[in-house]
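User: Please walk me through this structure in short questions and answers. Keep it brisk.

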Amino acid sequence: MSIQRQPTRPVSIGNITIGDGNPIAAQSMTATKTQNIEATAAQAEALRERGAGVVRIAVDSDKDAAALAEIRQRTTANLAVDLQENFRLAELVAPHVDKIRYNPGHLYHHQRDKPWQDKVKFIVDQAAKHDCAIRIGVNCGSVDPAKKEKYDAKDSITPMLESAIEHCELVDSLGFTRFVVSLKDSNPTKVVDVNRRFAQQRPDVPLHLGVTEAGMPPDGIIKTRIAFEQLIGHGIGDTVRVSLTLPNDRKPEEIDAGRGIIEDIYAGRVRSVVKFQEQGLNIISCPSCSRVENEAFIDLAASVKEMTQYAAEYDLTIAVMGCRVNGPGETDDADLGLWCGPAKVNLKRGPEPLGAFGYDEILPKLKQELDALIAQQT
Ligand code: SF4
């Protein structure tokens, strides 16, 4: 298939360049504890060997940042870090990585009196000083609250888009152009919509594509493929990640999935795209990362999928998330949401918290709630 790519700027990340017609890079993220240096370096290497253009690592503390310096010595992967709420960590991580990802919606938690523009400038200064690229990563579960307030709650796309555009303008105005943007949602249709709108407004900015919490293979791969076909097939997208819920030793399958989808699109092996999951049970689950506090999460995600088979025909969404950092926000749009803590699993129905339950108690409780929702639909 001949694809006319968007005329995006070239952005170098370690030893690869994305954008400007360069091959689309597949990325993944380590899910080991970052402070477990040996395991994290081994996973970064395994991902690189499988063909990962960039490997992302979550860094939430000074100790994680110190571990990163060691990990850098043990892998030749192009490394990116995922900064969550603590923007100041940019200073500690920038010397050791090739790209820094920040989330505009997370710049409000630390130093609340400091304007977000100053925080972005701090991150940009660190990136420029240490030869790093930046990703402005907007996520449906953590959109800038000021943007969300302006729009009807049913329109989740426009606040994401506006936030991304605003950050691009600020970063450009600081004279820094070595950045990419991502706009992720767990709904492939929304991913297509928001990325197309962004590409129309900023055709020059490279895009990193992904469907968040796509879930377990094969469903997670299918969900992602649907979005990527509609974007890459139209020339949109310079890097990708297929976020799958997988145990650590199978994490490189994310790279296989990403590369496989790209190859298929270029070979014209595309499915005719139907509207995805407009009907029927939709299970979403996060790909896990170093923030998972109980590895029972992976088995729980599989058990939820299995246990809920009986409800396949009902138009409901169940979200299963691995941690307490992003779990509460990322489950907002689900009919039933679960997120894992060290010993308990939190459950909510829509926005209403239902409490925390032991790992051995959660499935019957979930079933009870699911049955109640089904009863409402019948
Ligand atoms: S929900 Fe938590 S554990 Fe899952 S990928 Fe996101 S940050 Fe990591």
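Domains, core and ligand shell

Analyst: 18 residues of domain 1 are in contact with 20 residues of domain 2; contact means C-beta atoms, placed from the backbone, within 7 Å. This is a predicted model, in which local features need pLDDT of at least 70, side-chain atom pairs count only at pLDDT 80 or more, and totals for chains, interfaces and linings use all residues. Residues are numbered from 1 along each chain as its sequence is written.

User: How far apart do the C-alpha centres of domain 1 and domain 2 lie?

Analyst: Domain 1 covers 11-266 and domain 2 covers 282-377. Such bounds come from an automatic or database domain assignment. The distance between the two C-alpha centres is 25 Å.

User: By class, which residues make up the side of domain 1 that touches domain 2?

Analyst: Ala, Val, Leu, Ile, Met, Phe, Trp, Tyr, Cys and Pro count as nonpolar, Asp, Glu, Lys and Arg as charged, and the others, Gly among them, as polar. On that scheme, the side of domain 1 touching domain 2 has six nonpolar, two charged and ten polar residues.

User: Which residues of the largest nonpolar core touch the most other members?

Analyst: A nonpolar core is a set of buried Ala, Val, Leu, Ile, Met, Phe, Trp, Tyr and Cys residues joined through C-beta atoms within 7 Å. Buried means 20 or more other C-beta atoms within 10 Å of a residue's own, exposed means 12 or fewer, and partly exposed is in between, with C-beta atoms placed from the backbone. Among the 109 residues of this core, the ones touching the most other members are V93, I100 and I134.

User: Which helix gives this core its largest share?

Analyst: Helices are DSSP runs (H or I, at least four residues), as are strands (E, at least two), numbered from the N terminus. The largest share is six residues, and these come from helix α8 (residues 219-232).

User: Which elements do the buried residues of α6 pack against?

Analyst: The buried residues of α6 include I157, M160, L161 and H167. They pack against α4 (116-129), β7 (133-139), α5 (145-150), β8 (179-184) and α7 (188-201).

User: Is E213 buried or exposed?

Analyst: E213 is found in the loop between β9 and α8. Its phi is near 45°, a positive value in a residue other than glycine. E213 has 30 C-beta neighbours inside 10 Å, so it counts as buried.

User: Which residues does a cis peptide bond join?

Analyst: P218 lies in the loop between β9 (207-211) and α8. Omega is about 0° for the bond, and the pair joined is P217 and P218.

User: Which residues does G337 touch?

Analyst: G337 lies in strand β13 (residues 336-340). G337 is buried, because 27 other C-beta atoms lie within 10 Å. Not counting residues up to four places away in sequence, G337 touches A319, T331 and K348.

User: Which residues come nearest the ligand?

Analyst: A residue is near a molecule if its C-beta atom, placed from the backbone, lies within 6 Å of it. The shell has seven nonpolar, four polar and two charged residues. Of the 13 residues around the ligand, the nearest are C286, C289, G322, C323 and N326.

Note on methods:
Contact = placed C-beta atoms within 7 Å.
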